[in-house]
Amino acid sequence: MEEINNLDVVPCTESDYLKPFRVHYNQNGTKKSWDFMRTHDSVSVLIFNTSSHCFVLVKQFRPAVYMCEWERNKTQPPQSAEKTEEGAGEAAAAAAEEPQEDVSTSEGETSTPQPPASAGVTYELCAGLVDKPNLSLEEIARQEILEECGYDVPASKLKRITSYRSGVGVTGSKQTMFYAEVSDDNCVGAGGGEPKEGELIEVVKVPLHEAMTFAYDERIPKTMGVIFSFIWFHNNMSPKYKISTNV
């Protein structure tokens with residue numbers, strides 16, 4: 001998953017997933033404009049395995065996260081000698097595990113060395129795009145659970161948690177979040193996503209008693225959906241099971 005090379009950044013002239021627009025409008029007599037992206041809505045699923053009392057997440061490389069980290073690191077001021085010495089051991093270890101390469105751009109220029117691939121890896125809820133108009137949100141969520149995590153769950157067993165807007169400054173798309181309980185008996189495959197769709201997913205299990213520590217550990221890159229859903233579970237499901245989420 002973390003073997004990333006031959007990175008080449010080029011302009012995006014067309015896409016099946018993102019369409020950029022600029023809207024002009026008047027608000028309270030003031031003329032304004034705003035750039036935005038039209039994207040698909042999506043679903044996400046908090047999966048809880050009742051056999052092992054753990055949450056089932058997915059771990060994958062996100063190019064957008066990776067490139068943001070790369071740009072952020074390029075703009076950071078140089079570290080002081082003291083801080084450089086403190087982080088030398090850690091940096092050396094990371095460099096030994098993941099060789100760095102130069103990044104080429106569409107103009108043929110060579111920029112600063114690319115960061116390790118781990119900079120773009122995130123922990124997320126099982127999720128997918130709402131791009132099948134003939135299926136309900138529950139049915140789309142069911143397909144994602146099967147493809148990404150390997151569990152076969154009837155759509156009727158999915159509990160709708162809520163829906164919300166994400167990326168409101170850029171996309172404003174809606175994501176609907178579900179809750180699914182699974183057991184080891186529901187596991188019919190290894191998951192991992194659809195390779196033909198470019199997916200390379202690792203299934204990760206987070207023990208229930210470690211969930212809130214995991215959620216608030218800023219060293220672990222994760223989506224807001226993971227944090228929110230763990231809190232939702234603590235408030236709504238923990239009393240039912242009379243179990244602790246280690247808050």
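Guide: Confidence comes first, as pLDDT, the predictor's confidence in each residue from 0 to 100. This is a predicted model, in which local features need pLDDT of at least 70 and side-chain atom pairs count only at pLDDT 80 or more, while totals for chains, interfaces and linings use all residues. Residues are numbered from 1 along each chain as its sequence is written, and side-chain values use heavy atoms, with hydrogens and water left out. The protein's average pLDDT is 85, and 79% of the residues score at least 70. Across residues 90-96 the pLDDT is below 50, and beyond near neighbours in sequence this stretch has zero contacts in the model (a contact means heavy atoms within 4.5 Å).

Now the salt bridges. The term means a side-chain nitrogen of Lys or Arg within 4 Å of a carboxyl oxygen of Asp or Glu. The structure has six of them. One joins the side chains of Arg 22 and Asp 35, at 2.5 Å from N to O. This pair links distant parts of the chain, 13 residues apart: Arg 22 lies in strand 2 (residues 19-27) and Asp 35 in strand 3 (residues 30-38). Strands here are DSSP runs of E, at least two residues, and helices are runs of H or I, at least four, both numbered from the N terminus.

Arg 22 is exposed, at 56% relative accessible area, and Asp 35 is partly exposed, at 42%. Buried means under 20%, exposed over 50%, and partly exposed in between (1.4 Å probe, protein chains only).

Another salt bridge pairs Arg 219 with Asp 217, with 3.0 Å between the closest N and O atoms. Arg 219 is exposed at 74%, whereas Asp 217 is buried at 17%.
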